[in-house]
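The model is predicted.

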Amino acid sequence: MSAIRYELIKKCKQTGARLGRVYTPHGYFDTPAFMPVGTQATVKGMSPDELKSIEAGIILSNTYHLHIRPGEDIIKEAGGLHKFMNWDRPILTDSGGFQVFSLGDFRKIEEEGVTFKSHVDGSKKFLSPESAIKIQNKLGADIIMAFDECIPYPAEFHYVKKSVERTTRWAKRCIKAHENPETQALFGIVQGGMYKELRRQSAYELLELDFPGYAIGGLSVGEPAEEMYEMLECTVPLLPEDKPRYLMGVGSPDYLVEGAIRGIDMFDCVLPTRIGRNGTVLTSRGRMIIRDALYARDQSPIDPDCDCYACKNFTRSYIRHLIKAKEVLGIRLTTWHNLRFLLNLMKNVREAIKEDRLLDFRNEFFKNFGYN
Ligand SMILES: CCNc1nc2cc3[nH]c(NC)nc3cc2c(=O)[nH]1
Ligand SMILES: [Zn+2]
């Protein structure tokens, strides 16, 4: 008995997209879904109630960060991550693999695991499939991720092949170490770099392990969009139709729509929160650098088509002033808007799938946003 159940509600007649629902021990979320990133047990600047008001269905938290600070034992003593951060809806935690490479000053990667230095105090740390799972078992997220190697881009075929085979061995060790499969669903992560043959090899090896869900890793690592789409087109059709597919670290509005068209159900990306903090907002007419002098006297909302608290109550002129003055409310409002923008985008994608018009929606959205 798995911790989650994926319900395929409808397949789009125009594309490979599908409308679905993932049931977890903390309730369900609709897919395709965008997951706001709450790295250190908080989506920066947003309270749980505010996240609920913008209809966030599931949020992501990072194992690497929570292991370093405050430590999984403190969170376990609080009753787990849901209680600790007072979020009673679904949570997904990653396994730390990616952060170690991208954040930590990582030393070396061996069969046993990865040795690295903490980005907080430089102390020596070690993560392995077993320890990454043990930490996630203590945090108690509904969906947890296998410990994998996110292969850098570009990478030689031989290196990628060796890494894929180690990621599969690590996946087996994760399954063995996992203590709560009936309450925490462990997802495998398909790797393979930009090589179709290795994407297929990684998918087949992980399919044999019968995970309750599959992530596609090693993408959105600097490769051109076309290469990412090609890897999706070669990998997604190999994955079970009755299980969720999660494209890690994606993404910008175009990638979310194009990923959904290719059959992806779950996405996560720091983009909306990160660019929000430096004064850039997403609108239906493209990105807007609201700190720009252009908006100093602009009394209109960030996006007239948006229903969020920031757009209903404040002007571009006021929000620009807050950002320039480094007032906390400024980044709260830009974050609030950017998250609602992407959550609304996914709601529109789900509607379009329901009505078999996702390609038409994509063309209209791309034209308005200013994509090609
Ligand atoms: C669960 C940790 N493993 C893991 N995380 C990832 C996070 C990513 N984030 C991005 N772009 C922003 N690509 C990613 C790939 C992986 C990946 O291949 N593996
Ligand atoms: Zn808004």
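H9 and H10 cross in a right-handed sense.

**Packing of H9 and H10**

- The axes of H9 and H10 cross at roughly 25 degrees and come within 11 Å.
- H9 is therefore roughly parallel to H10, as angles under 35 degrees count as roughly parallel.
- On the H9 side, the residues that meet H10 are Ala225, Met228, Tyr229 and Leu232. Their partners in H10 are Asp254, Tyr255, Glu258 and Gly259.
- Sorted by class, this contact of H9 with H10 holds five nonpolar, one polar and two charged residues.

**Packing of H8 and H9**

- Helix H8, residues 196-207, packs with helix H9, residues 225-235, at an angle of about 45 degrees. The axes of H8 and H9 are 9 Å apart.
- H8 and H9 are therefore oblique to each other.
- The crossing in which H8 passes H9 is right-handed.
- H8 contributes Lys196, Arg199 and Arg200 to the contact, and H9 contributes Glu230, Met231, Cys234 and Thr235.
- By class, the contact of H8 with H9 is made up of four charged, two nonpolar and one polar residue.

**Active-site annotation**

- An unreviewed UniProt entry places the feature "active site" at Asp94 and Asp268.
- Asp94 is located in the loop between S6 and H5.

**Binding-site annotations**

- The unreviewed UniProt entry gives the feature "binding site" at Asp94, Ser95, Gly96, Gly97, Phe98, Asp148, Gln191 and Gly218.
- From this set, the lining of the largest pocket takes in Asp94, Ser95, Gly96, Gly97, Phe98, Asp148, Gln191 and Gly218.
- Gly96 sits in the loop that runs between strand S6 (91-93) and helix H5 (97-102).
- UniProt, again in an unreviewed entry, also lists Cys306, Cys308, Cys311 and His337 under "binding site".
- Cys308 belongs to the loop between strand S16 (286-289) and helix H12 (309-313).

**Backbone geometry**

- Most peptide bonds are trans, and most residues other than glycine have a negative phi.
- Thr31 and Pro32 are joined by a cis peptide bond, with omega about 0 degrees. Pro32 is in the loop between strand S3 (27-31) and strand S4 (33-35).
- A cis peptide bond also joins Val250 and Gly251, where omega is about 5 degrees. The position of Gly251 is in the loop between strand S13 (245-247) and helix H10 (253-261).
- Ala41, a residue other than glycine, has a positive phi, near 65 degrees. Ala41 lies in the loop between S4 and helix H1 (48-53).

Note on methods: Residues are numbered from 1 along each chain as its sequence is written. Chains are lettered from A and ligands numbered from 1 in the order in which they are written. This is a predicted model: local features need pLDDT of at least 70, side-chain atom pairs count only at pLDDT 80 or more; totals for chains, interfaces and linings use all residues. Side-chain values use heavy atoms; hydrogens and water are left out. Axes are lines fitted to C-alpha atoms, for helices over the stretch in contact, and angles run from 0 to 180 degrees between N-to-C directions. Helices (H or I, at least four residues) and strands (E, at least two) are DSSP runs, numbered from the N terminus. Angles under 35 degrees count as roughly parallel, over 145 as roughly antiparallel, 65 to 115 as roughly perpendicular and the rest as oblique. A crossing is left-handed if the near helix is turned anticlockwise from the far one by less than a right angle, and right-handed if clockwise. Contact means heavy atoms within 4.5 Å. Ala, Val, Leu, Ile, Met, Phe, Trp, Tyr, Cys and Pro count as nonpolar, Asp, Glu, Lys and Arg as charged, and the others, Gly among them, as polar. UniProt positions are given in the numbering used here, feature names are shortened, and annotations may be inferred rather than shown by experiment. On a 1 Å grid over the protein atoms alone, a cavity is a set of points where a 1.4 Å probe fits but cannot get out, and a pocket is an open set with protein on both sides within 12 Å along at least five of seven lines; lining residues have an atom within 4 Å of a point.
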